[in-house]
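Walk through this model with the sequence beside it.

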Amino acid sequence: MNNISVNMEGLGDKISNIQNISNRVSGVGNKLATIRSGLDSDVKYRQNIDGKLRNLCREINNLEKSINRTSEFINQAITAYADVEKKLMDSFNEINEEPKADIIDLTDKIEEYYLSLSSKIADIFGVIQSTIKSSIAHLIDFFDKDSDEVITNKQPKQEDALISMPKFEGILTYDNNKYNEYVKLMQQRLNELGYRDSRGNPLAIDGYFGDRTLEAITKFKENNKLWNFGEYEGKVGETTWEYLFVKAEPIVINKPEEEKVQEKVQDKPKVENSTRKYNNPSYDEIVNYIEQYCDEIGLPKDIGLAIAWTESRMTQYEGDNLANSNENKNKNGQVTSTDWGIMQLNDKSWSDKYDFEHIRNDWEYNVRCGLDVALNRYNEAIRRNESNIPRATYSGYNTWSNIDRYRTEKDQRDINFYTYYKSKPWETMITNEQPKIDNNHDNQQETKINTNSNYNMVDTTSWNAVKPLYTYDSGPRTPEAYNKLIDQFNVESNPRYVPRGGATYCNIYAWDISIAMGVELPRFVEINQKGNLEDATGKAIGRNLKKGYILYQDAKNATATELNANRLAIWLDAQGENYGWKEITPEEAQKRANEGYMTISCIDESPSIGHVQVVRPTPDGSDYNSEKGVYLAQAGGSSSISNGLYFKDKYKSEKYYNRYKFYTHD
């Protein structure tokens, strides 16, 4: 028997070495994950850096798992070998004379088999070394032949259990898009045995082999020591099926914890001082939850947050016990489906996969389901090597199959999403929404800012009045409030102000801010000289043209005109003071802006194109500097659009600066 002995102590040392290698691989993976999480969002998606890092982290994690499985396999092989060697030695000791022919044949066969096993064990370490240098696949191939037999060598089958076991042939694999009756049976059985997803929730019995089903079956295979790496990882074959329905024992569920989960679903506490209506959770609570779940599933946080914002402004309920909903109708006006909750999940598309009673009433479940859909589309965008991963993810989320819509169609939803993705309006919602005046004021009051849930600040039909997220309500003017109302429009990235068709939109930008500030500039004014469209010297009509007025469509008889930049400058000079717009000096303009009052500058360049600017508070609150000019925000030509610059840093001409007029409104 000496020629089939194995150095067990030496094998133990090798196992220790393998564990050290596993620890080092784990350390590398953790460092990569830290680097990935620390990347700026603009860097992450340049040339798909985040996707590549994510895939690399997964590969390292898989390598670590495979190495650990190898160590476990060797341990089991050592135990099996020791048991057989002992039995063989006992058998030989019982034989005093030469063994009979049938015993000789038997021992020869056993000896031959274990010589082969011994050789394989000795070769394992060379395979591991080459695996780390190249690919773990080589090691998987080495064990494929005998792994199932070695690892799953359990108790004999029970005939009665086998008879009642659902018949199954083939292999079940991860596929989030394909319905399968066997998957439905598997989900039901996993629930019966007490297996849950990574968050401790029972599986939806929907017949789709998705992320949560994968989490539960992975845990099941690990608990029952079933082979679960390499080509077998996450797959369910006949052996696993038999364990599910015949051999596996239910796991113990911590009842108190499960009760806590149910309590959390039924009675979700609101964040203290939340002012949202209809028991909607606070923005802070929703944002934190989305960020946490995105971390768990590997979806970039800003993508998940921007989808939730684009779809519903993070609103689950639109009335007492009434879920936020949006009906979809066909050409005949018939309702064909409805989108629900924060993530606006469509009941026609997803009713077979998700529980829509929970979708409507459980905002956390709504968010998780929506983010799972987003993750699927995010991975697909990476697989397709899309040029803009965030935009492709949202196009896929919104259409499922049309993942390239963002670059093949000019869909306003894609534009809105990317605007929110870059501007992150949810961050503003979490901050104090009611700026206060200086504490040194004797009669302390609050500046009240309204938050509007039904807002739209990216409408590219410029003559439509804007619907701001924030509007001034009452109280003292403050620079903090003024800055907030200006910044919400994100002039540098907002499609509403992008030059197109030869037109620029500096006057629209000033109009939008004046609406938010509660001092709206008129869109239409009366003409004093009938038929002269440039005679913008009449009374203000407002944003909507009243009956009886004639516009440029009949220029000879026109009685009203629409204010472009030139005409706005003309009107302010002629009528501004009658409507609260007082002309002031540049120095006074900066002082007024620093105090929080709406202030603009404009120039009439007829017959060329005029210009309108918004004077805003200086970044550090400093007084007017004649060498720099006023501090302003403006739309206009592509090279001129800015959310903050000093006039003379952009326009060097003192003569040009002196031609501007400045106006302010209380």
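**Sheets, rings and confidence**

Five bridges join strand S5 to strand S6 (residues 335-340), and the two run antiparallel. Helices (H or I, at least four residues) and strands (E, at least two) are DSSP runs, numbered from the N terminus. Two strands pair if DSSP finds at least two bridges between them. This is a predicted model, in which local features need pLDDT of at least 70 and side-chain atom pairs count only at pLDDT 80 or more, while totals for chains, interfaces and linings use all residues. Residues are numbered from 1 along each chain as its sequence is written, and side-chain values use heavy atoms, leaving out hydrogens and water.

Lys329 stands opposite Val335 in S6. The open sheet here has three strands in the order S5-S6-S7, with antiparallel pairing. S5 (325-329) and S7 (345-346) are the edge strands; each has a single partner strand, so one side of each is left without a neighbour in the sheet. Strands of a sheet pair through backbone hydrogen bonds, either parallel or antiparallel.

A second open sheet has six strands, in the order S13-S18-S14-S15-S16-S17, again with antiparallel pairing. Which strands stand at its edges? They are S13 (582-584) and S17 (642-646), each with a single partner strand, so one side of each lacks a neighbour in the sheet. Neighbouring strands of this sheet are turned by 35° against each other on average, direction ignored. Axes are lines fitted to C-alpha atoms, for helices over the stretch in contact, and angles run from 0 to 180 degrees between N-to-C directions. Two bridges join S15 (residues 611-615) to S16 (residues 631-634), which run antiparallel. Val615 has Leu632 as its bridge partner in S16. Helix H22 (residues 565-575) packs on this sheet. H22 touches S13, S14 (598-603), S15 and S18 (661-665), and its direction makes about 115° with that of S14. Contact means heavy atoms within 4.5 Å.

Now the rings. The structure holds 24 aromatic pairs. Rings of Phe, Tyr and Trp (its six-membered ring) pair if their centres lie within 6.5 Å; planes under 30 degrees apart count as stacked, over 60 as edge-to-face and the rest as tilted. Tyr182 and Trp241 form an edge-to-face pair, 5.8 Å centre to centre with 80° between the planes. The pair links distant parts of the chain: Tyr182 is in helix H7 (residues 181-193), Trp241 in helix H9 (residues 238-247), 59 residues apart. Tyr182 is partly exposed at 32% relative accessible area, whereas Trp241 is buried at 1%. Buried means under 20% relative accessible area, exposed over 50%, partly exposed in between (1.4 Å probe, protein chains only).

Ring pairs also link Phe647, Tyr651, Tyr656, Tyr657, Tyr660 and Phe662 into a cluster. Within this group, Tyr657 and Phe662 are both buried.

Asn180 is partly exposed, at 22% relative accessibility. Asn180 touches Leu172 and Gly207, not counting residues up to four places away in sequence. Asn180 and Gly207 are 27 residues apart in sequence, yet 5.1 Å apart in space, C-alpha to C-alpha.

Last, confidence. The chain has a mean pLDDT of 77, and 72% of its residues reach 70 or more. pLDDT is the predictor's confidence in each residue, from 0 to 100. Over residues 253-274 the pLDDT is below 50, and this stretch has 21 contacts in the model beyond near neighbours in sequence.
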